[in-house]
Amino acid sequence: MANPTPLHPRQTKRSAGDAAGRDGPCALPRVLPVSRPGRCAAAAGAGVFDQVAETDPFLSIDIFRRHGACIPPHPHAGCVVATYLFPESTTALRCRHAHGGDAVLRPGDLLWLEANCGTVHADVPESARGTVRGVRMIVNRAGHHARGAPAQSVIRADAMAHWRDGAVDLTLICGQWGEHRAARADAERTTLLRFDWREDDLRALTIPCDGRRWLALIAQGEAALAGHALRAEGGGAQAVLLPPGDWQLAGRAGARLVLAGGEPLDAPVVYRGNFAARDESELVALTRLYQQGSMGTLPPVTE
């Protein structure tokens, strides 16, 4: 095998007690460091990586932009890979995994890939001249469904909840927000909500005290959240970790913000080479399975 270990190794360790007391009633919103992904030269953008002590259950979340380039076959295990395309994307993605998954992700759709015990995954744009832009979340599932088969599904844009609140258009991509529920019931505890400002607007944002951890990323334009100014320039992004409470949210016309919430696992995790494991020995076992070909292979697309 040309690459006997997963590409782009990176390591994140988190102890079981890291999150205890972090988001109590006296917690304050705080800005999270944002970096650009180094794992794929075909992707441009920025997000939150390798900060699981702060962002559990999210191993990473980023705003990406790709023009005419595929993401070649690569492995995932012990995590969910959720990919959402913004509606203004100008092409679709064909998303395959080695255990039979083959779906076309159109602009405005969400792909939800449960990697479980491990699979090889690839994205290929339908048009080499098109551009895709969106959000990718890697959600920790280390130790959960370890023997489950990989599975993927697509939530179509027209199945999502869309509503208008004043000068803001909201889209519930997955999960739940207030009385709104997404089409995918098994993803209910992982929420992704999109805010789009048609005009300048100021409002209160209530983060529920329901055991989930929340973070916001600015995807375009300018906004201010809980006293922190956010601006997306040149493909960059800024992020804020939000504890429960009522926070002031303001946005300029044309701004876009995404809000992600998930239930922390509060358990040790080692995340390296796209594998999420409970400890080093489990990581070694996953790496061995990949090297032995147990996670499958993907033949080239010939159509």
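This is a predicted model: local features need pLDDT of at least 70, side-chain atom pairs count only at pLDDT 80 or more; totals for chains, interfaces and linings use all residues.
Residues are numbered from 1 along each chain as its sequence is written, and side-chain values use heavy atoms, with hydrogens and water left out.

Now Leu-192. Leu-192 belongs to the largest nonpolar core, which has 28 residues. A nonpolar core is a set of buried Ala, Val, Leu, Ile, Met, Phe, Trp, Tyr and Cys residues joined through side-chain atoms within 4.5 Å. Buried means under 20% relative accessible area, exposed means over 50%, and partly exposed is in between, with a 1.4 Å probe and protein chains only. Within this core, Leu-110, Val-135, Met-137 and Leu-192 touch the most other members. Another core, of 26 residues, lies apart from it and includes Ala-161, Ala-182, Phe-195 and Leu-230.

Next, strands. Helices (H or I, at least four residues) and strands (E, at least two) are DSSP runs, numbered from the N terminus. Two strands pair if DSSP finds at least two bridges between them.

Look at β6, residues 79-85. How many of its seven residues are buried? Seven of the seven are. In a regular strand the side chains alternate between the two faces of the sheet. On one side of β6 are Cys-79, Val-81, Thr-83 and Leu-85, on the other Val-80, Ala-82 and Tyr-84, and all are buried. Strand β6 runs antiparallel to β11, with seven bridges joining them; Val-81 has Ile-138 as its bridge partner there. Strand β6 also pairs with β9, again in the antiparallel sense, over five bridges. In that pairing, Thr-83 stands opposite Leu-111.

There is also an open sheet of four strands, in the order β5-β10-β7-β8, with antiparallel pairing. β5 (71-76) and β8 stand at the edges with a single partner strand each, so one side of each is left without a neighbour in the sheet. On average, neighbouring strands of this sheet are turned by 20° against each other, direction ignored. The angle comes from axes, which are lines fitted to C-alpha atoms, for helices over the stretch in contact, and angles run from 0 to 180 degrees between N-to-C directions. Inside the sheet, β7 (residues 93-97) and β8 pair over four bridges, and Leu-93 has Leu-105 as its bridge partner.

Phe-275 is buried, at 0% relative accessible area. Its C-alpha atom is separated by 4.9 Å from that of Ala-77, which is 198 residues apart along the chain.

On to charges. Side chains of opposite charge can pair when their charged atoms come close. A salt bridge is counted when a side-chain nitrogen of Lys or Arg is within 4 Å of a carboxyl oxygen of Asp or Glu. The structure holds 18 of them.

What does the pair of Arg-156 and Asp-109 tie together? The closest N and O atoms of this salt bridge are 2.5 Å apart. Arg-156 lies in the loop between β12 (151-155) and β13 (161-165), and Asp-109 in the loop between β8 (102-105) and β9 (110-114), so the pair ties together parts that are 47 residues apart in sequence. Arg-156 is partly exposed, at 26%, whereas Asp-109 is buried, at 2%.

A second salt bridge joins Asp-123 and Arg-136, with the closest N and O atoms 3.3 Å apart. Asp-123 is in β10 (residues 119-125) and Arg-136 in β11 (residues 131-140), so this pair links parts 13 residues apart in sequence. Asp-123 is buried, at 2%, and Arg-136 is buried, at 11%.

In the salt bridge between Glu-222 and Arg-231, the closest N and O atoms are 3.7 Å apart. Glu-222 is partly exposed, at 34%, and Arg-231 is partly exposed, at 41%. Finally, Glu-88, Arg-194, Asp-196 and Arg-256 are linked in a network of salt bridges.
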